[in-house]
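This briefing goes with the structure shown below. Please look at the fold as a whole before reading the points.

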Amino acid sequence: MTRWTLDDIPDQSATCAVVTGANSGLGFETARGLASAGAHVVLACRRPDAGEAAAAAIDEAFPDASLEVRELDLASLDSVKRFARGVRQAHDGLDLLVNNAGVMAIPRRETADGFEMQLGVNHLGHFALTGRLFDALRRGSRVVSVSSIYHRQGAFDFDDLQWEDSYDKWDAYARSKLANLLFAYELQRRLDAEGVEMKSVAAHPGYAATNLQSRGPKEMGSRLRLLAMKAANALVAQSARKGALPTLYAATMPDVEGGDYYGPGGFRELRGYPEQVASTERSKDPVLAGELWRVSEELTGVSFL
Ligand SMILES: NC(=O)c1ccc[n+]([C@@H]2O[C@H](COP(=O)([O-])OP(=O)(O)OC[C@H]3O[C@@H](n4cnc5c(N)ncnc54)[C@H](OP(=O)(O)O)[C@@H]3O)[C@@H](O)[C@H]2O)c1
C-alpha cells in the first residue's frame, strides 16, 4: 500500500458522521480529517465546553467545516439514550459512526450504571450507542470501532466481568479493547446474516501522543508516572494526527470491506501509515463474541440484530 495521508481522504460532502471523544487526541483528528473533506461531523463529547473548543479549532483551520457539538457521556446509559434521540431527531440518517472515545489504565471506578469504567465506556457505552443509532445507520453506512494493540493481552472472565474480585488496570483496559474487536467482527457477522447493507470495521492508532496516557497517572495522583508517560509520548509516540489515519482510512476508503482491521504498518504496528493488520485468534472467536453480545444486551438493555 502506498503512503495514505489526509490528502487522500475521498470527498465526504455527502457524509453525516458521529465521532465519539471528538474533543481530544485521535477523535479530534478524526473529526478534523472528516470535516476537512466536507463531512458534516457531530462531535460527541463528554464535556460540551471542550467540544465547542474543538469545533472552534477545526473551524479556524477549515472555515467551511460543518460541525455540531452534542453531549455524550458513555459512562451513563441515560446520556447515551438522550444523545441518540437527539441525533435521530436532528438527522434523517447517519453515514458513519466512529466509536473512538476511551479511557486507559485508570484506578477502578464505576459508571453511573455500575459497570467497571473501562469496559463501561470503551465497550458497553459504544454497544448501547450503536444499538440506539442502528436504524439511522441502515443506509449502507459504516461503524468504525477503535481498538488497540493491547487487545492481544485481553481475556474474558464472565464470572468477574466488572473486576469486582480483583482489578488490574491494564488487564481491564486490554479486555475492553478486545471487546471492541469482538464487537466489530460480531456486528459484521450479524449484518451479513441479516443481509443488512452496512459495514462494521475496526482500526487502531499504534502508539500516538494524546491525553489518554495521562489520565491514569493523574487519577492516581502519581507525578512520577505522569512524567514517565509524557517522556515516552515525546520520545516514542507518533502524532495524534498520524495515529488517526487508520481510523480515517477505515471510515472513508471505498476499498474497505466489512470486518477489515486497519493499523499503522510500521515497526510493530506502533507507527506508520495505515495498512490492513491482523488481530488475535481470540478476537475472531464467534462463540466468545456471541457471549459478549448477549451479556452486553442484558447489561445495557439495548438489543439490535
Ligand atoms: N493514544 C494511543 O496511543 C492509543 C493507542 C491505542 C488505542 N487508542 C484508543 O484511541 C481512542 C482515543 O483515545 P486518545 O488516545 O485520543 O485519548 P484522549 O486524547 O484521552 O481522548 C479520549 C476521548 O475520549 C473521551 N471520553 C473519555 N471518557 C468518556 C466518556 N465517559 N464519555 C464520552 N467520552 C469520553 C475523552 O473526553 P474527555 O476529554 O472529556 O475526557 C476524550 O475526548 C481510545 O479508544 C483509545 O483506547 C489510543
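Which residue in S2 is the bridge partner of threonine 20? The bridge partner is alanine 44. The model is predicted, so local features need pLDDT of at least 70 and side-chain atom pairs count only at pLDDT 80 or more, while totals for chains, interfaces and linings use all residues. Residues are numbered from 1 along each chain as its sequence is written, and side-chain values use heavy atoms, with hydrogens and water left out.

**Overall fold**

- The protein chain has ten helices and eight strands; helices (H or I, at least four residues) and strands (E, at least two) are DSSP runs, numbered from the N terminus.
- For 305 residues, a compact globule would have a radius of gyration near 19 Å, and the 18 Å of the protein chain agrees with this. The radius is taken over C-alpha atoms, and the globule rule is 2.2 Å times the number of residues to the power 0.38.
- The C-alpha trace spans about 50 × 45 × 40 Å along its principal axes.
- Of the 305 residues, 57% are buried (buried means under 20% relative accessible area, exposed over 50%, partly exposed in between, with a 1.4 Å probe and protein chains only).
- Among contacts with a separation of 6 or more, 75% are between residues 24 or more positions apart (contact means heavy atoms within 4.5 Å).

**Strand S1**

- Strand S1 covers residues 16-20, and five of its five residues are buried, so it is largely enclosed by the rest of the structure.
- On one side of S1 the buried residues are Cys16, Val18 and Thr20, and on the other they are Ala17 and Val19.
- S1 pairs with strand S2 (residues 40-45) in the parallel sense over five bridges; two strands pair if DSSP finds at least two bridges between them.

**Arginine 32**

- Arginine 32 lies in helix H1 (residues 25-36) and is buried, with a relative accessible area of 14%.
- Not counting residues up to four places away in sequence, arginine 32 touches Leu6, Ile58, Ala61, Phe62 and Arg241.
- Its C-alpha atom is separated by 8.9 Å from that of alanine 57, which is 25 residues apart from arginine 32 along the chain.

**Arginine 271**

- Arginine 271 sits in the loop between strand S7 (261-264) and strand S8 (274-276).
- Arginine 271 is partly exposed, with a relative accessible area of 34%.
- Residues touched by arginine 271, not counting those up to four places away in sequence, include Val236, Ala237 and Gln238.
- Arginine 271 and glycine 206 are 65 residues apart along the chain, and their C-alpha atoms are separated by 5.4 Å.
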